[in-house]
Amino acid sequence: IELTQLKANTPKQMMGYFIKTKNGKTIVIDGGNEGDFENLEKYILENGGNVDYWFLTHYHSDHTGALSNIIRNTDIKINNIVYSFCDREKVLNYENSRISQYDNIVDALSSDRISKNLVIPKKGQIFNIDGVKIKIISVYENDITTNLGNNTSMVFKMYVNSKSLLFLGDTGVESSEKLLKEDSNYLKSDYVQMAHHGQNGATFELYKKISPKYCLWPTP
């Protein structure tokens, strides 16, 4: 694959990856803030103008804002959007300051042109995309309420030939402990995406278990 870690186009931190497979399939992970939309749109248009799979780790706007703009303001075709958000009531109760961010992406996903292409994955589900295997390691199970948005991050592992890449989103302390307890057999990886932009995210114990050779560090 050809993997691009997208740059921040605003003063805010963000996370976005654009992936092109050997036969030209395209995969996007998150995508960044609303202000990162034009840069991401350029990558998509230069590579055929459609996205085969779009994976969202969680609802925060520095991960979903660009997608919201692409849905509302372009004709880019997205064949599958894979995500697993918590209920709106959880956000109201435990992260009320982010409710507008939650509503923004959920409203965009309800668009008629995209609503039939939504995929709510189950833990352990595998997606095979042009020789790339993506396994869902963890989805939110309405259990953690501390640091809610970050700890709802969907964690998944990408297998490419003999290499593996683990995407953590904004995994926090509590979800780190849960991963170590329930999913330790799937954590060791060649590459890891640093949780929460490389600061105040996953625990050192989790990274020790992952034991990566390389880190993808999405930080300004």
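The legends below describe close-up views of a predicted model. Local features need pLDDT of at least 70 and side-chain atom pairs count only at pLDDT 80 or more, while totals for chains, interfaces and linings use all residues. Residues are numbered from 1 along each chain as its sequence is written, and side-chain values use heavy atoms, with hydrogens and water left out.

View 1. Two strands pair if DSSP finds at least two bridges between them. Three bridges link β3 (residues 26-30) and β5 (residues 53-55) in the parallel sense, and Val28 stands opposite Trp54 in β5.

**View 2. The largest nonpolar core.** This core has 31 residues, and Leu40, Trp54, Leu67, Ile78 and Ile81 are those with the most contacts inside it. A nonpolar core is a set of buried Ala, Val, Leu, Ile, Met, Phe, Trp, Tyr and Cys residues joined through side-chain atoms within 4.5 Å; buried means under 20% relative accessible area, exposed over 50%, and partly exposed in between (1.4 Å probe, protein chains only). Two or more residues come from each of α1 (37-46), α2 (61-73) and α4 (99-109), and α4 gives the most, with five residues. Apart from this core lies another, of 22 residues, including Met15, Val119, Ile134 and Leu165.

**View 3. Packing of α2 against α4.** The two helices pack at an angle of about 35°, with their axes 9 Å apart. The crossing of α2 past α4 is left-handed, that is, the near helix is turned anticlockwise from the far one by less than a right angle. From α2, Ser61, Thr64, Leu67, Ser68, Ile71 and Arg72 make the contact (heavy atoms within 4.5 Å). On the α4 side are Gln101, Asn104, Ile105, Asp107, Ala108 and Leu109.

**View 4. Surroundings of Ser84.** Ser84 is found in the loop between β7 (81-82) and α3 (88-94). The residue counts as buried, because its relative accessibility is 9%. Leaving aside neighbours within four places in sequence, Ser84 is in contact with Pro121, Val139, Tyr140, Thr152 and Met154.

**View 5. The sheet β9 to β14.** An open sheet of six strands has the order β9-β10-β11-β12-β13-β14, and its pairing is mixed. The edge strands, β9 (126-129) and β14 (214-216), each pair on one side only. From one strand to the next the twist averages 20°. Strand β13 (residues 191-193) pairs with β14 in the parallel sense over three bridges, and Val192 stands opposite Cys215 in β14.

**View 6. Strand β12 and its partners.** Four of the five residues of β12 (residues 163-167) are buried, so the strand is largely enclosed by the rest of the structure. Strand β11 (residues 155-160) runs antiparallel to β12, joined by five bridges, with Ser164 in β12 as the bridge partner of Tyr159. The hairpin of β11 and β12 has two residues between the strands, and Asn161 in the turn has a positive phi of about 55°. With β13, β12 pairs in the parallel sense over three bridges; Leu165 stands opposite Tyr191 in β13.

Methods:
Axes are lines fitted to C-alpha atoms, for helices over the stretch in contact, and angles run from 0 to 180 degrees between N-to-C directions.
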